[in-house]
Amino acid sequence: MGDDQKKVIAKVGNTEVDVSNAVRDIRGIEDLVKESVETTWSENLVNQIKISLTPYPHASDIAEWDRFLLERYPPLYTFTEKECRDCFQGPCNLEGGKGACGLTLEIFQAKLSLQSACKGLAMHLFTCRELLDYCIREFGEDREVKWGKTLVYGLMNVNILISESPKTLREVREALTYAEGQLPELLTAANVGRESSIIDLESKAFHAGSVLLFAMELTEWLKFSMFDFTWAPDKELTEIPAYPPPTSEAGLGSVDRSKPVIVFMGNDFLSAWMAVKYMKDNSLEDKIEVAGIGSVGHDMIRFYDNARLLISPTRANKVFRLGMGDVIVLSDTCCKIDAVEEALKTDSKIITTSFTQTYGLEDRALDSVDDILSDLEKGTHVVLISDPKKAGEVAVKLVQKVKDKRKSSYLLSTDEIKKYAAKCTDCDACFKACPASLISGRILKSAMEGDFTKLAEIHDKSSYCGKCEQACPENIPLMDIFLAANPQAIEEDNFKMRPGRGAITSNEIRDIAITMFSMPSAVSIIGCGNYPGAGSQVAEMAKEFVECNLSVVVSGCIAQDVARYKYPKTGKTLFETYPALYNPRCLTNCGGCSAQALGASAPFYKLGYIAFRNPYKSALAQQADFVYRFAAVVIMWGPATDIAYAVVAGHIRAGIPVIVGPYGSKFKRYLLGNKYDRSKWWMLHGNTGDKGETEPTPEHMLIPVETVDEAIALVPKLSFTTQEMDVSRQNKFDLYLNAYKKRFGEWPDDWHLFVKKETEMPMTKKAKMLRLLEEEQGWEIDRKRGKILKAKHRDGRLLVPGDYVYEYGFKSGQYITTLDRLVYQVRKDRV
Amino acid sequence: MILAPDETAKLIKEEKRRLLVAGSICNDLEVGGKNLLDYVVDIAKLTDTPIVATGSTMFHLKDNKEIKAKKMMAADLVNFLRVEKWEEPITPERPELLVFLGYYPDIVKMLVSTIRDGKTMVLDNRYMNEATYSAPDMSFNEWAEYLDNVIDNLKK
Ligand code: SF4
Ligand code: SF4
């Protein structure tokens with residue numbers, strides 16, 4: 001902007017401040033910037049740091065923070081792809097040198113990373129746009145959107161980028177237009193652009209993540225506001241621990257198959273919503289079962305008590321092979337490409353509803369319901385109906401007609417299993433194809449002899465990806481065999497689920513602001529569903545965390561896997577056992593796919609404002625700098641989809657470390673810190689700007705693990721913060737050391753890097769910790785009195801405790817930051 | 001490069017700065033009537049090679065006094081390899097050859113692909129193109145035979 005820029009004066013308390021230079025270009029958004037500063041900046045802060053806002057940001061507007069992250073956690077690429085085909089000059093094999101355009105192998109990896117994040121963003125922008133357009137058509141653009149009684153500050157992933165949460169559908173459209181506008185810029189850089197900096201490409205990948213969380217939050221909000229989904233912010237705090245009740249039926253055994261069954265699958269709930277409405281209008285609720293696979297199922301249990309949540313989409317083949325759906329309704333994103341082929345194997349009728357999955361069919365949206373029904377009855381198996389209302393009505397009418405024409409069971413008989421097993425040549429092609437090393441020829445050999453024990457175990461562990469079946473040269477229908485080998489497991493797969501509750505409320509944040517100082521960590525478990533071979537591991541992980549007094553939030557299809565665990569004594573699930581609050585020793589479910597935006601970044605942004613008055617309007621870098629210093633961890637467990645990649649990127653950019661499960665080994669890059677490199681671990685003194693060395697924490701921002709044990713052990717370690725109360729650090733030491741001892745048989749070798757004083761040591765471990773510090777690390781210890789006499793700094797100096805806490809980390813209460821511009825200074829440029 | 005068992009044994013013996021990396025399915029898989037982890041321990045003992053135990057493998061090695069083993073996250077190991085100064089105490093010097101055993105294919109593929117500086121060898125039963133050296137695709141029986149052969153050659 002030129003020097004002739006007009007002043008824009010904001011008044012904060014008694015201070016008047018010119019905010020015309022607080023943003024890159026204030027033209028057209030003067031009022032927004034002024035209002036953002038006046039409502040969320042304190043007078044104290046205005047006078048101590050340079051105001052900088054990033055409304056409607058491009059990636060580069062937040063690059064100062066991204067650079068900090070990428071410098072401390074340099075990308076570790078997997079280099080699994082080496083040939084670039086992104087432009088007309090290609091293909092270029094980059095292994096041997098640069099591509100025709102000058103692209104190096106490493107920059108190519110960063111481009112792949114950005115491409116993955118862009119794909120994830122595009123997928124959800126489409127979902128959000130479809131929903132919004134429908135809402136505007138149905139309700140008009142002036143329709144007000146409600147936030148819920150207690151969502152005082154609105155949507156935090158939205159506020160953090162554009163200052164304000166929309167109040168009408170028109171404003172939602174404007175907000176979404178911003179998000180959609182970011183995609184072409186990011187895609188250009190990812191594909192045909194000439195961006196040559198890895199840091200800038202990764203910064204853009206982060207940006208795709210932030211924009212995705214923004215769009216997901218808008219989607220969630222429309223679901224509540226326009227379709228009355230369960231929504232905790234519309235409840236009083238006293239109601240929330242039991243809200244929504246954990247009474248939704250879930251699992252394959254929850255469906256009454258004596259009734260006609262409609263199964264919905266995909267990311268779009270509208271046709272399910274319309275089908276349920278039609279059923280209610282015609283009193284058919286008792287006569288028809290409606291069930292959902294994956295995201296739509298999580299949505300359905302939020303608006304219809306009788307809905308059944310079947311399974312995550314990663315295991316949808318189970319539903320198809322069992323022939324569960326008399327009618328199957330497909331929508332966008334989470335459907336398998338061969339869903340129609342699979343469904344036809346068991347004579348299901350299929351209605352597909354999305355413009356992204358048209359299967360070469362003509363849209364029947366303009367045809368009458370009777371005409372469509374008549375064709376389906378005559379022998380048509382698949383139709384495309386893009387009008388959700390019509391699709392819902394056709395599904396309900398059709399299912400009543402086709403039910404009796406289908407077989408009652410599609411399971412193989414025992415003799416059929418043996419017959420197929422006899423064809424096995426023990427080549428182990430199936431074992432080599434299986435990502436979880438589950439099936440092999442010898443298991444089929446036992447089955448041929450009548451021993452189904454091993455086959456029965458696979459039923460639970462397999463993701464039903466079908467790779468083994470495809471690899472088998474004898475065309476043995478292995479997935480059908482797994483199902484038939486353990487029919488009772490299907491009946492027993494029946495449990496109670498707490499439906500999603502939407503956003504974390506401001507009241508809960510006020511509560512946790514008090515307990516967070518002693519709470520070890522807030523964990524958010526997200527993702528698309530179980531890893532093959534994992535069985536009930538996700539539930540075990542959630543159980544461990546909640547029992548250790550962590551606050552646990554789950555969202556995405558993984559939430560259902562958490563519900564699968566039942567305490568042996570009580571027979572109750574985790575959801576039935578623990579209150580649904582955002583608080584220590586509580587377990588809450590935010591909801592399906594788009595609710596992944598609600599459980600980690602949003603509540604922490606809000607916490608930053610409520611507890612520390614850290615401004616949140618268009619202030620992503622400032623908030624992330626705050627969140628980074630608090631104990632929160634995201635665990636992404638499940639397939640490494642592009643949506644998962646972008647969701648993870650968004651959380652990292654919010655300052656939250658992420659652990660990805662074994663499926664995350666397909667991610668394009670990780671962000672790992674190096675605890676041995678002391679130069680990387682510092683913070684700035686908030687008053688002086690002096691750099692001070694700190695503990696290496698959080699050590700990583702994105703790390704893959706192989707097992708649940710590793711994830712459990714990493715959470716407390718990544719939750720160490722450089723400033724925390726003694727009791728908090730005691731809890732973390734307890735969890736960290738116990739987890740290692742129990743799961744790996746020994747203490748970790750780096751715990752001493754987190755010790756500052758003896759009062760932070762848990763009582764039960766203090767004597768051993770002090771002894772080891774003396775014997776192995778060269779500290780001077782008074783063992784009798786249990787005191788540190790001299791602590792050994794990592795630079796080799798022996799320091800008395802008082803000096804050590806100043807020279808290694810910062811005292812709690814001291815304001816610290818990672819960004820130069822956030823260091824306090826007396827401002828002379830006030831009006 | 002696909003290696004025969006004798007070539008595998010020869011390479012392991014030749015490379016002085018070597019490290020065994022034992023993954024999470026070492027605990028779960030039985031190969032030729034033997035736990036996969038037993039093969040790792042045999043190789044470690046015969047060649048005096050330290051073991052980085054990833055996943056939850058360490059639990060089964062902790063009481064074995066005949067070998068040097070340490071629990072690490074696999075990602076940490078490959079991360080430390082990318083900086084010039086080697087500081088991880090499991091070996092005094094940066095390892096030049098990492099021998100992987102007991103991994104899901106996707107995981108070991110990711111791990112070896114990240115290593116740009118140093119040689120990798122995968123002894124699981126799926127051929128790993130991304131590794132410097134790999135065992136071929138094998139059935140369970142062939143795998144057991146292969147590993148037994150490697151052990152026999154290491155004894156020579
Ligand atoms: S269907 Fe199951 S057993 Fe077959 S390859 Fe997939 S995970 Fe393995
Ligand atoms: S691939 Fe088929 S024939 Fe080969 S071992 Fe597996 S089931 Fe048997």
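The model is predicted: local features need pLDDT of at least 70, side-chain atom pairs count only at pLDDT 80 or more, and totals for chains, interfaces and linings use all residues. Residues are numbered from 1 along each chain as its sequence is written, chains are lettered from A and ligands numbered from 1 in the order in which they are written, and side-chain values use heavy atoms, with hydrogens and water left out.

**Exercise 1.** Describe the contact of domain 3 of chain A with domain 4 of chain A.

Solution. 
- Step 1: Locate the two parts. Domain 3 covers 497-760 + 808-817 and domain 4 covers 761-807; such bounds come from an automatic or database domain assignment.
- Step 2: Count residues. Domain 3 of chain A brings 24 residues and domain 4 of chain A 22, where contact means heavy atoms within 4.5 Å.
- Step 3: Take the area. About 2,200 Å² is buried between domain 3 and domain 4 of chain A, 61% of it on carbon and sulfur atoms. Buried area is the accessible area (1.4 Å probe) that two parts lose on being put together, summed over both. In domain 3, the residues losing the most area to domain 4 are A:W747, A:E758 and A:Y808, together 33% of what that side buries.
- Step 4: Look for salt bridges (a side-chain nitrogen of Lys or Arg within 4 Å of a carboxyl oxygen of Asp or Glu). The rule finds 2 across this interface. A:K765 and A:D734 form a salt bridge, with their closest N and O atoms 2.5 Å apart.

**Exercise 2.** State which residues are closest to ligand 1 and how many surround it.

Solution. 
- Step 1: Apply the cut-off, a heavy atom within 4 Å of the molecule. This gives 12 residues around ligand 1.
- Step 2: Name the closest: A:C434, A:S462, A:C465, A:G466 and A:C468.

**Exercise 3.** Describe the interface of chain B and chain A.

Solution. 
- Step 1: Count residues. Chain B supplies 44 and chain A 49.
- Step 2: Take the area. The two chains bury about 3,800 Å² between them, with 57% on carbon and sulfur atoms. B:M73, B:R82 and B:Y104 supply 16% of the area that chain B buries against chain A, more than any other three residues.
- Step 3: Look for salt bridges. Between chain B and chain A there are 4 by the rule. The side chains of A:D749 and B:K70 meet in a salt bridge at 2.5 Å, N to O.
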